[in-house]
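Student: I would like to learn how to read helices and sheets in a model. Could we go through one together?

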Amino acid sequence: MTIEIDEGSGFCFGVTTAIGKAEEELSRHGSLYCLGDIVHNGRECDRLRRLGLVTIDHAALATLPAGSRVLLRAHGEPPATYELAARRGIELIDATCPVVLGLQRRIRQVHEARPDAQIAIYGKPGHAEVLGLVGQTDGRAVVIETPDQAAERLDPRRDVYLFSQTTKPLEGFSHVVARLAVHVEPPARFRSFDTICRQVANRLPHIRRFAARHDVVIFVCGRKSSNGRVLFEAGRDVNPRTHLVESPADLSPAWFDGARSVGICGATSTPKWLMEQCRDALRRMA
């Protein structure tokens, strides 16, 4: 049985940068707060916790003493977080992904220039990145996940400006654009901005091709990763023998009966070392 680790899987640029900043700060100071899980992968979070990274939530942020040092992860934060840190004298290490920062600026510019328009964000409600995007509009942006929600929640008689969470699939965004194009009634104007990160979006067709090449596919991913869920389901659509695991402990020998090739891949939040651990566990099973 041959085993291949997908070279195109693993941390995206934004996550790599955030973890690199965390490791650098921890090597200098021995401890560091992080606002929310630095990455949606429990095993990687555990590794960094052992190095001294302490994960906190927004309620805890409001109680930290002046001089505390807090990392902002790649997902980004709303303006209120920066304002709170400034009031309390908290030092922020900003690891927001540059792609997300650019999107935040674009949304804020539209909100300030067109205060009467509706700003819609195609994204997952409650997702950390989406909360940061909505924060650029003083909480007024409308979050939608489906074309039907777009039609239900947006007034067709008012201008609509549509953006997307950076990690959402292109296909879904296209469906929302098509629905709003006929939903908005002239003279109201509809404008859409494709703000999906291509480093993430291009992984969908890649994962489909990778899954088709193997008898069995192991998709390594944290349960909290929305990007991971999309990629896993794309692989499973092509290859029904695609299985999601969080760690080598989840592997089942029965999955590999008769398999001559196994592919191991993962999400943008999956560390390469974890995929390698799964490969090593498979070799011991063989």
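Student: Which are the buried residues of H8?

Tutor: Two notes come before the reply. This is a predicted model, in which local features need pLDDT of at least 70 and side-chain atom pairs count only at pLDDT 80 or more, while totals for chains, interfaces and linings use all residues. Residues are numbered from 1 along each chain as its sequence is written, and side-chain values use heavy atoms, with hydrogens and water left out.

Tutor: Helices (H or I, at least four residues) and strands (E, at least two) are DSSP runs, numbered from the N terminus. Buried means under 20% relative accessible area, exposed over 50%, and partly exposed in between, with a 1.4 Å probe and protein chains only. In H8, the buried residues are Gly172, Phe173, Val176, Leu180 and His183. They cover an arc of only 95° around the axis, so they are on the same side of H8. The arc is that of the directions from the helix axis to the C-beta atoms.

Student: Why can residues that are apart in the sequence point the same way?

Tutor: An α-helix has 3.6 residues a turn, so residues three or four places apart point the same way. On the other side of H8, His175 and Val182 are exposed.

Student: How many residues has H8, and how far does the helix reach?

Tutor: The expected span of a helix is 1.5 Å times one less than its number of residues. H8 (residues 170-183) has 14 residues and reaches 20 Å from its first C-alpha to its last, close to the 20 Å expected.

Student: What covers the buried residues of H8?

Tutor: Contact means heavy atoms within 4.5 Å. The cover includes strands S6 (118-122), S7 (142-144), S8 (160-164) and S9 (190-192), together with helix H7 (147-153). H8 lies across S6, S7, S8 and S9, and runs at about 175° to S8. For such angles, axes are lines fitted to C-alpha atoms, for helices over the stretch in contact, and the angles run from 0 to 180 degrees between N-to-C directions.

Student: In what order do the strands S6, S7, S8 and S9 form a sheet?

Tutor: Strands of a sheet pair through backbone hydrogen bonds, either parallel or antiparallel. Two strands pair if DSSP finds at least two bridges between them. Here the order is S7-S6-S8-S9, in an open sheet with parallel pairing. S7 and S9 are the edge strands, each pairing on one side only. From one strand to the next, the twist averages 25°. S8 and S9 are joined by three bridges, and Leu162 stands opposite Ser192 in S9.

Student: Which residues are buried in helix H2?

Tutor: In H2 (residues 42-51), they are Glu44, Cys45 and Leu48. Their arc is only 100° around the axis, which puts them on the same side of H2. What covers them includes H1, S3 and helix H12 (272-285).

Student: Which faces of strand S10 are covered?

Tutor: In a regular strand the side chains alternate between the two faces of the sheet. In S10 both faces are covered: Val216, Ile218 and Val220 are buried on one side, and Val217 and Phe219 on the other. S10 covers residues 216-220, and five of its five residues are buried.

Student: Which strands does S10 run parallel to?

Tutor: Five bridges join S10 to S12 (residues 261-266), with Val216 opposite Val262. Four bridges join S10 to S11 (residues 242-245), with Ile218 opposite His243.
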